[in-house]
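Hello,

Here is the structure you asked for. Please keep it open while you read the notes below it.

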Amino acid sequence: MKGKLFTGLAALLCFAALSACSQGRNGGEESVLQQSVSKLFKKETQARLTEIEKERSSAVLTRIDAVPVPGENGSLDFGGLKLRLPEGVTAALWEGKGVNPEHGVVLELAGAEPEEYVLPPLVCLEQYRAEYAGELSLAAAILKELQGDELVRRYADEKAGIYTFQLTKESFTCYLLVRGGEAYALWEITSESDYSIGDLLQKGRVCWDTQENAWKEAKQEKVKYGMAEIEPGFSLVFCLPSGEGIGEENRLWLYREGKFAVPVQKLESRLLPEIHDFVDVNGDGALDLRLVPEDPYGRQGRESFYIWNREKQLYEPEDIAAEDWEAARKEYDNPLTESWETVSEGVWESPADGLPEEEKESLRIPQALLDEISIAFQERRELEVLKAMTDDRMLSDEEVRELGAEDMEIRLELTGSKGLYAGVLEMPYAVMEADLDNDGILDLWMETNEGGSAGYRSCSFFQGQADGSYQMTYRTLHDKEEVAAICFEGKYYLCRTAYDYGLKQYHGVDLYCYEEGSCVEQASVRMTEEGYQVEVAQCTDSRWEALAEQTASRSAQLRRQADSWENWTGSAEQEAGEEDLYICDLDNDGTEEEYEKYVWMTSSDHSFNHLSFVCEGHELLEEMIWSGEGFPLMLWADEADGQNILQVLTITGIYDYEIDAYLVTGTEYERIYRVTGTAEIGTEQERKVFIDGNKGE
């Protein structure tokens, strides 16, 4: 669970590396690597290593019990560090559920949160005594002690003994400040970084007791580190240097833990391997390796695979099919994935695919409920019916504040739940209360934005306990959809609208049944198009009636074709020889225009599929295209009465449409007819039953 960070920083996770490095979130480093790193990567300086450094088997971080104390001018003194809090911000000890005082001091920085957030940020402060021979051994000691998902060296000055690192672990970010033999770990919740300890560091509000700024970042070079136990008792430290002056850039350096004089191997890669890149493919008890190269533009290249040679203690290239690797990964119980894959959704099986009849009779979601919702969709009364069934409560900001003040695990979910999309079921806040597993105790359903443009949400079920607390028992991922708890014949079910990602319009619902905090069954109702009622709703002149009737007769075909993102070429236009380019006298002035038209496909949660039209010097046509009731998907030109008529198909519902016809003359356009298509709605149903898998963490 996410809350395990403050209950013990020594969880069983040996690897640190990973995907954030490939997303460009790491800062740069200084223009020339300091002596410690140079010793690691340049042959001409390796001779400077002492015999002690060559043979040293380990470096150590030893935790020191320390508490922050008030300092001068409102600062907090923590060992050799001074934290200068902004005006109006106060620090208080936080002792909520999920905090172990043996692992750092957790403080709540009241007043630091922006106005739109209900919870102040939390920080955790730790102090260590550090013993190490150089940067690489220090990085290995950090990975071994704090065990995160990614470690990046931000700054190094070996002569002064000054280093800064940034470590990520699940939902947390840790900033490590090292000065000689003292080291400090300052933790924050990653989603709070804009107004937490990271913000203080960037603004120079954390300094040494000498008043020197404690956080430094180089700008030109970066060094990333990871560690994995390849076989029992044998661990490798992975190092990926990059930047000007490095020498062998884009090489992954592999060192045996404690033996840092020279690498045992070098592999070509721009990325550190992720947790799921380690699998025992051949069953010999050692972790094999997959590397995914990346070019400077962020595009992934062909995967390469390596088998661990236990005798030579080296990775050797092997020709392995990607699908074989994935199959092995799914079957193999990788010890590195214990904290990476937390909750399994199990295996779903459709009753239509061979579920025994006696088990069909024991299905939890009533058929009567599915039929009632299906009829409501067919009659276009779905919102009315679903809202009448809705029986849940959205928590107020004050209730959310109280929850977050008591429980770390809940607090982590809340940091990402404010301000999510409400949607047609009128969900004002992303924390819903209802008895979803029908045990007589109210539960919580929380949704957290996963970031990025795709719109994915992490959805968590917190089962209500008899003592009034909550325990997270289930987590899954969904697209951005509306959600509610509905009640039918005294039983509660989670209801989510299902929507077409390209059109951003819902086309059904998914129902989920929970028992003992876990999902045991899912049923779906989907709308289908069963035909159209088509009519010419408007025609301004008899000259256009024949074309209007012709358009109406083929309009349903065009609407279905639009779902395949295909262009339609009208009788008055010609293809220009290149894909998506056409020629036509669009404005009837005797001169043909060249233009581009195609269906733009969205990959974002914030946009939808629509017609892309480009015709230089004719911005009026863009205005015309978007003047309809819905959003346009197709455009074509047909001839009628000696004029070229532009027709635009717009989407007005998940299946409904309109086709508007325009006569363009010079700098003006006129709508001359409109064809409407109203879909006859049918429905399909599907059930899935949870038959296997881990129901909780």
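Glutamate 593 sits in strand S33, which covers residues 593-600. The model is predicted. Which side chain of opposite charge is nearest to glutamate 593? It is that of lysine 597, 13 Å away. A salt bridge needs a side-chain nitrogen of Lys or Arg within 4 Å of a carboxyl oxygen of Asp or Glu, so glutamate 593 has no salt bridge, although it is buried. Its side chain does reach a backbone atom: the nitrogen of leucine 586, at 2.8 Å. Leucine 586 is also among the residues in contact with glutamate 593 once neighbours within four places in sequence are left aside.

Helix H5 takes in residues 135-146. From its first C-alpha to its last it reaches 16 Å, close to the 16 Å expected for its 12 residues at 1.5 Å a residue. H5 is mostly covered, with 10 of its 12 residues buried. Among them are Glu135, Ser137 and Leu146. Glutamine 147 follows H5 and has a positive phi, near 50°.

Helix H13 runs over residues 545-562. Where does H13 bend? The bend is at serine 555 and is about 50°. Serine 555 is buried, as are Arg554 and Ala556 in H13. Other buried residues of H13 include Leu547, Leu558 and Ala562.

Regards

Terms used. Residues numbered from 1 in each chain as written. Predicted model: local features only at pLDDT ≥ 70, side-chain atom pairs only at ≥ 80, totals over all residues. Heavy atoms only, no water. Helix = DSSP H or I, 4+ residues; strand = E, 2+ residues; numbered from the N terminus. Expected span 1.5 Å × (residues − 1). Bend = angle between axes of the 7 residues up to and from the residue. Buried < 20%, exposed > 50% of the residue type's maximum accessible area, 1.4 Å probe, protein only. Lys, Arg positive; Asp, Glu negative; His and termini not counted. Polar contact = N/O pair within 3.5 Å; in protein donor to acceptor, adjacent residues only side chain to side chain. Contact = heavy atoms within 4.5 Å.
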